Amino acid sequence: MMKDCEILGVPQDADQKTIKRAYFKLVKQFTPEKDPELFQKIRRAYENLSAAEKAQSGNLALEYPAGTETELDQIRELLGKEEWDKAAKLADQLIRVYGEAEAFLYFQARAWQRMGKSGKVVKAFEKLLKRYPEKLLYQKALAFAYLDRGYMNKAQDAFRKAFDEGVRDVDFLNEYCYCAAEKGQFEDVRTGAWELLREAQKNPGEYAEEGINALAALMTAGAHGQSIDWTEYETAFHAFVDEAALYLADYEDDLASIMGIIAMIFPNDKEMGGMIDRLVAQIRGILPGGGSRDLWERLGKKTAFLKWENDARFYEAVRSFGDRELREELDERTLRFMELDCKLRMLERWPQIRSEFELVRQEYPEEWKLIGPFAEALEKTKNLEWMRSKLQKDYDRLAVYVNYTPYYREYPERRPRP
């Protein structure tokens with residue numbers, strides 16, 4: 001158990017909510033395609049620590065030969081003690097004596113799963129599903145087995161089939177959305193996410209994390225062109241936040257991330273901007289003290305920046321000059337060169353660019369603080385050629401330190417002759 005806790009980064013006395021949160025964060029970071037070995041370890045640790053999974057093994061209607069009840073109880077006891085190897089060996093002994101009864105195969109597969117023998121687990125559940133095609137338990141188990149093994153194509157097919165057959169438990173839906181997103185099947189993401197959100201709404205105290213995952217998955221589907229009814233989405237978001245209000249204090253960062261995703265998808269859509277404002281107001285209204293002021297201020301700045309960065313009404317040099325994030329990344333000399341480059345290019349477009357400056361002044365007060373002084377200097381100067389010559393002299397002095405000169409690429413006739 002200690003090793004499993006170390007893998008998930010949780011204390012030994014962690015509750016199921018903490019275990020689940022740690023698991024979800026790790027599988028988003030370490031996907032089967034990026035790091036299949038680590039992904040399997042994370043999945044196995046989560047299954048070992050999952051109380052729901054352990055409880056399930058003792059409450060199944062499985063076929064087994066008469067007279068083997070005592071041995072099956074022994075297997076269950078070994079599984080409960082986390083003695084996976086002994087449980088697998090006892091199941092194997094029973095198979096050798098009595099044949100491949102359903103209960104023996106199932107418990108052997110569960111023991112192998114805990115031991116990380118994902119290849120054997122796949123074969124076991126393939127065999128069980130072939131024998132009992134009507135059992136949704138094996139439809140679901142095989143999908144998870146393929147996922148653990150890193151067989152993403154097979155996993156996606158198995159998840160979709162199990163979903164079509166009616167599997168709707170929350171853990172399944174969450175992994176279905178995850179697997180579909182990894183394979184780029186965003187119609188499946190959208191379909192699964194709506195179902196996951198509906199299931200989470202039935203018990204928001206237990207499934208607050210899954211509900212937030214569903215909301216984020218819908219954003220992911222929308223970002224990849226899937227048809228999303230945003231009015232329906234907003235209504236569902238409001239409803240979930242209202243129902244889960246008592247349980248969302250720990251998920252403030254996750255909720256803010258969803259708002260950031262919407263802003264990235266629709267940076268210049270006024271209707272979506274209004275939706276973000278309404279959702280943020282609701283979220284902050286249910287958080288203690290209105291939530292982290294710093295977090296939401298940063299989100300507001302990020303949303304404003306994304307709108308600025310993607311506003312196609314502005315010339316690229318105007319956007320670059322007002323790019324606050326870019327300025328923070330550059331050293332002093334490179335920043336000075338960037339400013340000179342943008343000023344020269346904006347000057348070349350004067351006075352046609354005056355209307356863009358006016359839009360900045362009206363709609364982007366933070367960016368206007370950066371651009372406004374130069375725009376006003378252009379308005380006041382009586383000698384543009386003198387201004388250009390002065391700027392270009394400084395530009396040429398710094399150009400020897402950089403490999404890229406956008407001004408000369410755009411206006412090659414301005415490049416000094418050797």
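# Rings, burial and an enclosed space

Arginine 349 lies over the face of tyrosine 315, at 3.6 Å from the ring centre; a charge counts as sitting over a ring if NZ of Lys or CZ of Arg is within 6 Å of the ring centre and within 35 degrees of the ring normal. The model is a predicted one, in which local features need pLDDT of at least 70 and side-chain atom pairs count only at pLDDT 80 or more, while totals for chains, interfaces and linings use all residues. Residues are numbered from 1 along each chain as its sequence is written, and side-chain values use heavy atoms, with hydrogens and water left out.

Tyrosine 315 also touches another arginine, arginine 345, which has its place in helix α20, made of residues 332-348 (helices are DSSP runs of H or I with at least four residues, numbered from the N terminus). Is arginine 345 buried or exposed? With a relative accessible area of 5%, arginine 345 is buried, where buried means under 20% relative accessible area, exposed over 50%, and partly exposed in between, for a 1.4 Å probe and protein chains only. Its side chain is joined to that of aspartate 341 by a polar contact of 2.9 Å (a pair of N or O atoms within 3.5 Å, of which, within protein, one must be able to donate a hydrogen and the other to accept it, while residues adjacent in sequence count only if both atoms are side-chain atoms). If residues up to four places away in sequence are not counted, arginine 345 touches Tyr315, Glu316, Ala317, Pro406, Tyr407, Glu410 and Tyr411, a contact being heavy atoms within 4.5 Å.

From here we can turn to pairs of rings. A search of the whole structure finds 23 aromatic pairs, and rings of Phe, Tyr and Trp (its six-membered ring) pair if their centres lie within 6.5 Å, with planes under 30 degrees apart counted as stacked, over 60 as edge-to-face and the rest as tilted. Phenylalanine 159 and tyrosine 176 form a stacked pair, because their ring centres are 6.2 Å apart and their planes are at 20°. As phenylalanine 159 belongs to helix α10 (residues 152-165) and tyrosine 176 to helix α11 (residues 170-182), this pair ties together parts that are 17 residues apart in sequence. Phenylalanine 159 and tyrosine 176 are both buried.

An edge-to-face pair is formed by phenylalanine 314 and tyrosine 364, with 5.8 Å centre to centre and 75° between the planes. Phenylalanine 314 lies in the loop between α17 (293-309) and α18 (316-321), and tyrosine 364 in the loop between α21 (354-363) and α22 (365-380), so this pair ties together parts that are 50 residues apart in sequence. Phenylalanine 314 counts as buried at 4% relative accessibility, and tyrosine 364 counts as buried at 3%. Elsewhere, ring pairs link Tyr106, Phe107, Phe125, Tyr132 and Tyr138 into a cluster.

The largest cavity has a volume of about 80 Å³, that is, the space filled by probe spheres set on grid points joined across faces, edges and corners. Helices α3 (36-49), α7 (102-115) and α8 (118-131) each supply at least two residues of its lining, and α3 gives the largest share, four residues. Among the lining residues are Gln40, Arg43, Trp112, Val121 and Asp148.

Some loop residues complete the picture. Threonine 68, in the loop between α4 (51-56) and α5 (69-80), is buried with a relative accessible area of 0%, and, not counting residues up to four places away in sequence, threonine 68 touches Tyr98 and Phe104. Glutamate 82, in the loop between α5 and α6 (84-98), has a positive phi of about 65° although it is not a glycine, and at 24% relative accessibility glutamate 82 counts as partly exposed.

Key:
1 Å grid on protein atoms, 1.4 Å probe; cavity = no way out; pocket = protein on both sides within 12 Å on 5 of 7 lines; lining within 4 Å.
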